[in-house]
Amino acid sequence: MTERGIDPRAIAVFEDYWQQLADGAQGTIPEETIEPLVDVPELAAIEVDDEERRAALAKVAVVKLNGGLGTSMGMSGAKSALVARDGLTFLDVIARQLVGLEERYGSRPPLVLMNTPRTRTDSLGILERYPQLAQQDLPLDFLQSMEPKLDAETLAPVSWPEDPSLEWCPPGHGDVYVSLAASGLLQQMREAGYRYAFISNADNLGATCDPDIAAWLLAEGIPFAAEVAERTLNDRKGGHVAVRRSDGRIILRESAMVADEEQELFQDTSRHQWFNTNNLWVGLDELDELMRERDGVLGLPIIVNRKNVDPRRKDSPPVIQIESAMGTAVEAFEGSVALRVPRTRFRPVKTTNELLLLRSDVFELDEQSRIVSRIEHAEPRISLDGHYKLISDFDERFPHGPPSLRECTSLAVEGDVTFGADVTAVGDVEVVAAEPAQVDAGARLTGRTELPVR
């Protein structure tokens, strides 16, 4: 890591986690050590005026996690360079959302991407379309740290001569705090007068920089806020917030931190009601103080991620990637809070199921480029089979875009089906094809449809 030029603080974090791993740490949080979080303030109850919003936006820098490669969808570059809707990439929409804030309030937070070398070039190229961003007083990006993957048996750095680049990995998005400090950006932000960093995933277009939240944080002097939303059955495997019994602090518990025998309790949405949206508001002065006090080691809970050195080859050596989640920093800050937000602030795109919905007529972009729903009922559930997993196959099967889903409650497609133009899905729709088939242009789909071979 030293030879590669990794910052000493990032090396110190890795050393700390490696020692925990060598000592037998599993990174689990037992149910008996926590209590459900009950009392959660709500965004809807915050009351501020436009002048407070304008002043608050001037105190916030927006950081987007942009290291995702979209490998699960067959991509090799930045997932944020994928078209989200209306011919615009995720980064286009994010940039336009910030420009929209300036047009409405006269104040625009700077945008900073946490990139990797594999996402940097494409992403910065897209942002060149927005000359306003070049005028900001912060750089447009910084690079995430890297660490060696560990041989699962010996815990030594793994060797993979076939592709030495695969011997390295990013250390999870908990690294954002160390990388902000190591890049010098944390200091630059503070010197430029920014009070908070709003940190979120680039693939979540619901995570806009909300001036009401920013104004509330400033008024209350809150050092760290984690946005949470009400947990449903669909979220039962996602991380939730809780209260640690030993000291009363709010913590985040991810599924990887739960022993197998306690998964049922972890997934009990009536017990643990709030899931982590991964939208965080971080006090920059408090972060700087913590980093200095702890020599860069915030002490975030370890996540032990077991994989193969080449994720595309199951016969390649098993490795451990030591990771941490940025949301777990909620326990590191004295006085941190969870803030209940509407589910509209959580629209991640992890699979082509979510992408189909995002591109459909269920949503539109408003005048500030925010994703808004055009329906009043629950969003339709989408289930596409393996023929649609890779983005190239997905686009090939929807050459005219998604079918109309505004009247749809669920859409399941099983088989190799290509959709014609102006198709409408109504109610619960199931499309089945034993061999490659076509949905004709203008078709109105209801119930179960078994397609003949085309």
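**View 1. The surroundings of Ser200 and its contacts across the sequence.** Setting aside neighbours within four places in sequence, Ser200 is in contact (heavy atoms within 4.5 Å) with Val63, Lys64, Leu65, Ala207, Asn278, Asn279 and Met326. The model is predicted, so that local features need a pLDDT of at least 70 and side-chain atom pairs count only at pLDDT 80 or more, while totals for chains, interfaces and linings use all residues. Residues are numbered from 1 along each chain as its sequence is written, and side-chain values use heavy atoms, with hydrogens and water left out. Ser200 belongs to strand E10, which covers residues 196–201; helices (H or I, at least four residues) and strands (E, at least two) are DSSP runs numbered from the N terminus. Ser200 counts as buried because its relative accessibility is 0%, where buried means under 20% relative accessible area, exposed over 50% and partly exposed in between, with a 1.4 Å probe and protein chains only.

View 2. Asn278, one of the contacts of Ser200, has a phi near 65 degrees, a positive value in a residue that is not glycine. Asn278 is part of strand E14, residues 274–283, and counts as buried because its relative accessible area is 7%. Asp86 also has a positive phi, of about 55 degrees, although it is not a glycine. Asp86 sits in the loop between strand E3 (83–85) and strand E4 (88–89), and its relative accessibility of 52% is why it counts as exposed.

View 3. Four strands, in the order E20-E21-E23-E25, make up an open sheet with parallel pairing; two strands pair if DSSP finds at least two bridges between them. At the edges are strand E20 (381–384) and strand E25 (444–450), each of which pairs on one side only. From one strand to the next the twist averages 20 degrees. Strand E23 (residues 424–432) pairs with E25 in the parallel sense over seven bridges, and Thr424 has Arg444 in E25 as its bridge partner. Helix H11 (residues 352–359) lies across E20 and strand E21 (404–414), running at about 130 degrees to E20; axes are lines fitted to C-alpha atoms, for helices over the stretch in contact, and angles run from 0 to 180 degrees between N-to-C directions.

View 4. Three strands in the order E8-E16-E15 form an open sheet, and here the pairing is antiparallel. Its edge strands are strand E8 (150–151) and strand E15 (303–308), each pairing on one side only. Between E8 and strand E16 (residues 318–323) there are two bridges in the antiparallel sense, and Leu150 stands opposite Ile320 in E16. Helix H1 (residues 8–22) packs on this sheet, touching E8, E15 and E16, and its direction makes about 125 degrees with that of E16.

View 5. One cavity of 30 Å³ or more is counted, a cavity being a set of points, on a 1 Å grid over the protein atoms alone, where a 1.4 Å probe fits but cannot get out, whereas a pocket is an open set with protein on both sides within 12 Å along at least five of seven lines, and lining residues have an atom within 4 Å of a point. The largest cavity holds about 210 Å³ of space, the volume being the space filled by probe spheres set on points that are joined across faces, edges and corners. Its lining has 23 residues, of which Val13, Tyr17, Asp175, Val178 and Ser324 lie nearest the centre. H1, helix H6 (176–182) and E16 are the elements that give two or more residues to this lining, with the largest share, five residues, coming from H1.

**View 6. The second largest pocket and the share of helix H3.** About 460 Å³ of space lies in the second largest pocket, whose lining is made by 26 residues, with Gly206, Thr208, Asp210, Arg345 and Arg370 nearest its centre. At least two lining residues each come from strand E2 (60–65), H3, helix H8 (211–220) and strand E19 (371–373), and H3 supplies the largest share, six residues.
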